[in-house]
Amino acid sequence: MAEAHQAVGFQFTVRPDGIDLHLSREVLKHIYLSGVTSWRKRAIRFKNDILAGVYPASPSSWLFVVVAIMSSVYARIDPSMGMIDSIKATLPVSEFMTVQTQTWLSAVLFATALWLTLILLLRYTLKMLLSYHGWIFESHGKMSVSTRIWLSLVKMLSGRRPLLYSFQASLPRLPVPSVDDTIRRYLESVRPLLDDEQYTQMETVANEFKKDPAPKLQKFLKFKSWWAANYVRKVSDWWEEYIYLRGRSPIMVNSNFYTMDLLYVTPTHRQAARAGNVVHAMLQYRRKLERGEHAPIKALGKVPMCSFQYERMFNTTRIPGIEKDLVQHLKDRKHLVVYHRGRFFKVWLYLGGRHLWPSELEMQFQRILNDTSAPQPGEMKLAALTAGNRIPWARARVKYFSEGVNKTSLEAIETASFFLTLDDEAHGYDAEKLRSLDLYAKSLLHGKCYDRWFDKSFTLVVYKNGKVGVNIEHSWADAPIMGHMWEYVLATDCFHLGYTEEGHSKGDINKGLMAPTKLQWDLPEACQEIIEGSYRLAKEIADDVDFHGCLFDDFGKGLIKRCRTSPDAFIQLALQLAHFRDKEEFCLTYEASMTRMFREGRTETVRSCTCESAAFARAMEDPNMSCEERLDLFRKAAEKHQNLYRLAMTGSGIDRHLFCLYIVSKRLQIDSPFLKQVLSEPWRLSTSQTPQQQLNLIDLQKFPKYVGAGGGFGPVADDGYGVSYIIVGEDLITFHISSKFSSPETDSYRFGQNIRQAMLDIRALFQLKEKKNVGPGDI
């Protein structure tokens with residue numbers, strides 16, 4: 001009963017002579033501190049909004065301009081060329097507005113206008129500079145004089161200590177590629193996949209489209225690019241709506257992705273303690289995010305990238321709908337919802353205007369772990385609704401969750417900062433267990449199909465052995481955004497917060513904290529049947545996922561760079577070779593690249609299967625080809641891939657342009673056989689590189705064991721592979737490979753072995769070249 005007494009903030013008694021009111025000093029103190037913290041947060045946000053709003057100038061520069069103008073006025077020099085006198089003439093004269101006051105005010109108004117004009121000029125100049133992308137096409141380690149001058153100007157105009165959103169107004173718009181260039185590159189990308197007859201037919205269809213209706217559709221895209229910040233998307237526009245929110249199939253496996261914990265290190269094996277530290281680190285990150293205090297990420301350390309995706313990281317939920325879903329984002333949510341053994345608990349994250357300390361959070365989570373109450377009818381698998389088809393979930397939400405305790409409890413989940421699962425299983429990488437990484441990946445991707453809330457922006461999973469991971473909903477942002485937060489959290493957890501010798505979170509324990517609140521549900525049998533139906537479908541999808549985690553530690557980025565080759569190109573060519581050996585054919589290959597050098601940019605596709613990569617893969621299987629010939633083909637293919645990646649990053653990709661042309665054609669009710677065929681082609685090999693060391697908070701030279709394992713996603717095609725990889729440090733590359741058991745053509749473990757062998761065979765080319773042993777059939 002101690003918690004109940006603490007929860008009472010005041011007591012009152014009604015008497016004949018009035019009301020006798022007794023207030024709790026402790027509660028009044030918390031109310032006061034909460035108010036102070038709230039106003040302090042508003043003040044900091046206001047200050048940072050001003051700093052970002054006037055960037056690359058600073059508020060102090062306004063004072064400098066005002067003083068300079070005032071000094072010139074007193075020196076009887078008119079830098080305004082008569083504008084100050086014109087402003088002065090419009091001001092009324094009164095006892096409060098003397099001639100001297102008019103002069104001062106006119107000078108201040110002119111100085112302010114001049115200052116704002118200079119800010120706009122600086123921004124426009126910086127935007128023009130950031131529109132230059134010639135630097136990205138230069139050879140690694142070589143920089144032209146023009147690029148050096150450009151880089152110096154960018155640094156000079158970028159100011160000091162920019163905030164997260166400082167560069168937003170200075171980022172250029174994503175350019176609309178020409179139709180001729182897009183179609184030419186498209187035909188080039190499908191050439192290795194088609195025979196001569198098929199290619200001639202495709203060329204004919206593409207040329208017909210180029211004549212009509214492509215020019216008409218292109219005009220609409222150009223028009224959109226003039227008024228929208230990004231012609232592909234704008235907040236909840238085409239990309240987000242048609243790629244994510246209009247999909248009616250399950251988002252579990254098909255859309256959501258995951259990120260793993262540190263590979264070799266587990267700071268503590270106490271589940272509640274690890275949860276306490278990680279949640280507290282997330283709250284610290286969120287506080288800096290809300291204030292805009294994180295430093296903006298720069299592409300290759302040179303050019304600032306768009307930060308708009310960070311805005312919806314916390315307090316965000318995907319709300320199901322009949323025709324399309326909705327992304328709901330709120331502000332200042334002060335609780336999270338925890339799932340454990342079929343029960344849902346609401347946990348407050350603040351006390352008296354401050355975050356709960358890690359030790360306090362550990363105590364709250366331990367209370368949940370110690371709770372032995374049974375789930376209410378239907379509660380155990382309730383979250384399966386978010387794992388099944390969207391329409392049944394949308395209808396059930398309206399029918400069964402629009403009033404009463406169900407509405408209250410669902411609101412608690414959907415308005416929570418994020419979702420936390422205290423998992424009753426143990427997972428993580430164990431070198432002594434053959435499939436430990438595979439099971440770890442499957443658990444994070446789909447779990448039991450009812451123990452993650454797949455609609456939340458992310459679900460934090462903490463296992464009973466202390467390992468952690470995250471399941472992320474995809475519509476609100478891409479993997480690098482979540483990776484940024486995850487790097488901060490892991491570094492803060494291990495190197496700043498730490499643990500006691502017994503493995504507990506550090507800090508005092510406030511036993512007077514109100515205990516977590518168990519959410520209440522009233523789920524009729526009809527609703528439980530819908531839940532069970534969603535679970536059966538989700539279980540069928542989850543059971544079909546064939547996952548393999550492959551740690552490639554024979555060599556890594558360090559050795560690849562010594563071969564004067566891009567690590568990404570090296571890996572992509574290894575994937576092409578592995579796929580050719582696996583299926584004895586080539587396929588349409590997707591590699592994700594970023595377009596965040598442009599405002600509101602997200603991703604573009606690099607079509608990694610090229611004529612050059614196909615020629616290289618065939619040469620590796622031809623015993624009559626010499627090592628020298630194979631190496632020459634490899635270099636040509638690698639250079640081709642690098643050029644395609646650079647084109648994608650600089651707004652000259654193929655697929656987003658074709659996608660937008662298709663959307664315009666549908667809205668204008670124009671039928672295009674070419675666009676239909678392009679958009680229906682399956683990506684049988686879908687790949688993505690997980691970024692690492694975006695923040696450089698962990699020195700891998702000093703702490704080589706503190707490396708992340710990366711993350712992954714489900715297969716995109718029924719008969720294809722999904723491959724995510726992370727280049728860790730100098731000597732490790734981790735592959736996350738997914739496919740479907742139901743496909744007789746795929747096997748994730750087999751493909752992993754093919755990747756490993758392909759990597760070794762390519763490396764052998766360079767070794768043989770060094771030995772000058774270049775006879776045919778060497779490999």
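Predicted model: local features only at pLDDT ≥ 70, side-chain atom pairs only at ≥ 80, totals over all residues.
Biologist: How are helix H10 and helix H22 oriented to each other?

Modeller: Helices here are DSSP runs of H or I with at least four residues, and strands are runs of E with at least two, numbered from the N terminus. The axes, lines fitted to C-alpha atoms over the stretch in contact, with angles from 0 to 180 degrees between N-to-C directions, come within 11 Å for H10 (residues 238-245) and H22 (residues 655-667) and cross at roughly 85°. Angles under 35 degrees count as roughly parallel, over 145 as roughly antiparallel, 65 to 115 as roughly perpendicular and the rest as oblique. H10 and H22 are therefore roughly perpendicular.

Biologist: Which residues of H10 and H22 make the contact, and how do they divide by class?

Modeller: Contact means heavy atoms within 4.5 Å. H10 contributes Trp238, Trp239, Glu241, Tyr242 and Ile243, and H22 contributes Arg656, Phe659, Cys660, Ile663, Val664 and Arg667. For the classes, Ala, Val, Leu, Ile, Met, Phe, Trp, Tyr, Cys and Pro count as nonpolar, Asp, Glu, Lys and Arg as charged, and the others, Gly among them, as polar. The contact of H10 with H22 has 8 nonpolar, no polar and 3 charged residues.

Biologist: What is the orientation of H8 to H23?

Modeller: The axes of H8 (residues 196-211) and H23 (residues 673-680) come within 8 Å and cross at roughly 125°. That makes H8 oblique to H23.

Biologist: Which residues of H8 and H23 meet, and what are their classes?

Modeller: On the H8 side are Met202, Val205, Ala206 and Phe209, and on the H23 side are Pro673, Phe674, Leu675 and Gln677. By class, the contact of H8 with H23 has 7 nonpolar, 1 polar and no charged residues.

Biologist: How many cavities of 30 Å³ or more are found, and what is the volume of the largest cavity?

Modeller: A cavity is a set of points on a 1 Å grid over the protein atoms alone where a 1.4 Å probe fits but cannot get out, and lining residues have an atom within 4 Å of a point. Grid points are joined across faces, edges and corners, and a volume is the space filled by probe spheres set on the points. The search of the whole structure finds 2 cavities of 30 Å³ or more, and the largest cavity has a volume of about 60 Å³.

Biologist: Which residues lie nearest the centre of the largest cavity?

Modeller: The lining of the largest cavity has 3 nonpolar, 4 polar and 4 charged residues. Of its 11 lining residues, those nearest the centre are Asn230, Val232, Thr595, Arg602 and Thr603.

Biologist: Which residues line the second largest cavity?

Modeller: The second largest cavity holds about 40 Å³ of space. Its lining divides into 3 nonpolar, 4 polar and 2 charged residues. The lining residues are Leu174, Pro175, Tyr231, Thr595, Thr603, Glu604, Gly651, Gly653 and Arg656.

Biologist: Where is a cis peptide bond, and what is its omega?

Modeller: Most residues other than glycine have a negative phi, and most peptide bonds are trans. Proline 213 is in the loop between H8 and helix H9 (214-227). A cis peptide bond joins aspartate 212 and proline 213, with omega about 15°.

Biologist: Is cysteine 449, with its positive phi, buried or exposed?

Modeller: Cysteine 449 is not a glycine, yet its phi is about 75°. Buried means under 20% relative accessible area, exposed over 50% and partly exposed in between, with a 1.4 Å probe and protein chains only. At 1% relative accessibility, cysteine 449 counts as buried.

Biologist: Is arginine 564 buried or exposed?

Modeller: Arginine 564 is in the loop between helix H18 (557-562) and helix H19 (567-583), and its phi is near 60°, a positive value. At 80% relative accessibility, arginine 564 counts as exposed.

Biologist: Which residues does serine 170 touch, not counting those up to four places away in sequence?

Modeller: Serine 170 is in the loop between helix H6 (145-157) and helix H7 (179-190). Its relative accessible area is 1%, so serine 170 is buried. The residues touched by serine 170 are Arg123, Leu126, Lys127 and Leu130.

Technical notes
Residues numbered from 1 in each chain as written. Heavy atoms only, no water. 1 Å grid on protein atoms, 1.4 Å probe; cavity = no way out; pocket = protein on both sides within 12 Å on 5 of 7 lines; lining within 4 Å.
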